[in-house]
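Take the structure below and consider where its ligand sits and what lines the open spaces around it.

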Amino acid sequence: MRDENCIFCKIANGEIPSATIYEDETFRVILDLGPASKGHALILPKEHFKDLCEADPAVTAKILPLAGRIGRAMKEQLGADGFNVVQNNGGCAGQTVFHLHVHVIPRYEGGPSMVSWTPGKGTSEELAEIAEVIKQGL
Ligand code: AMP
Ligand code: ZN
């Protein structure tokens with residue numbers, strides 16, 4: 001299904017032009033208009049899902065293998081030294097376009113640090129308690 005008001009539906013289905021690096025019946029992979037680094041790519045399913053929670057598992061199951069292929073090409077073709085696979089769900093997590101997408105961000109030695117967090121502290125009791133709560137929803 002598509003959402004007529006969604007820009008990524010239009011890009012994924014070729015209605016709006018994009019710098020496409022890969023396309024098949026399920027996905028279009030484009031370069032991000034605001035790249036975090038040279039070659040920053042977005043994997044867009046052609047079908048509209050708001051986020052990972054709403055997505056068809058048959059589609060999402062294909063994303064990591066594709067991200068691996070793209071990352072390998074970034075290393076071989078662009079000389080990237082590594083890459084991050086990032087996927088944001090919800091505004092508080094940084095999602096700004098509400099059509100499921102996965103960032104593949106090439107990383108270059110000496111480049112800026114981007115995907116990071118400050119490690120906190122969790123006691124084993126706290127972790128066990130939180131684990132029990134999450135488990136109830138799986
Ligand atoms: P997120 O913050 O995870 O929702 O990521 C949205 C990404 O889409 C951002 O990195 C934007 O730079 C990128 N973006 C937004 N509009 C376009 C567009 N028309 N073409 C390519 N990338 C876009
Ligand atoms: Zn969409």
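The text below goes through the ligand site and then the pockets.

The model is predicted. Ligand 1 is surrounded by 16 residues, and Asp32, Gly94, Thr96, His101 and His103 are the closest of them. By class, this shell holds eight nonpolar, seven polar and one charged residues. Helix H1 (7–12) and strand S2 (27–31) each supply at least two of the shell residues; H1 gives the most, with three.

Several polar contacts involve oxygen atoms of the ligand. A polar side-chain atom of His103 lies 2.8 Å from an oxygen atom of ligand 1, and a side-chain N or O atom of Asn88 is 2.9 Å from an oxygen atom of ligand 1. With Val97 the backbone is involved: one of its N or O atoms there lies 3.0 Å from an oxygen atom of ligand 1. Taken alone, the ligand exposes 500 Å², of which the protein buries 79%.

The space that ligand 1 takes is the largest pocket, with a volume of about 330 Å³. Its lining comprises 19 residues, and Phe8, Ile30, Asp32, Leu33 and Leu42 lie nearest the centre. This lining divides into 11 nonpolar, seven polar and one charged residues.

Helix H3 (63–78) gives the most to its lining, with eight residues, while strand S1 (20–23) supplies at least two. Among the lining residues are Ile21, Tyr22, Arg69 and Arg72. By class, the lining of this pocket has eight nonpolar, two polar and two charged residues.

Note on methods
Residues numbered from 1 in each chain as written. Chains lettered and ligands numbered in written order. Predicted model: local features only at pLDDT ≥ 70, side-chain atom pairs only at ≥ 80, totals over all residues. Heavy atoms only, no water. Near = heavy atom within 4 Å. Polar contact = N/O pair within 3.5 Å; in protein donor to acceptor, adjacent residues only side chain to side chain. Areas by Shrake-Rupley, 256 points an atom, 1.4 Å probe, with all protein chains shown as cover. 1 Å grid on protein atoms, 1.4 Å probe; cavity = no way out; pocket = protein on both sides within 12 Å on 5 of 7 lines; lining within 4 Å. Sits in = over half its atoms within 2 Å of the grid points. Helix = DSSP H or I, 4+ residues; strand = E, 2+ residues; numbered from the N terminus. Nonpolar A, V, L, I, M, F, W, Y, C, P; charged D, E, K, R; others polar. Points joined across faces, edges and corners; volume = space filled by probe spheres on them.
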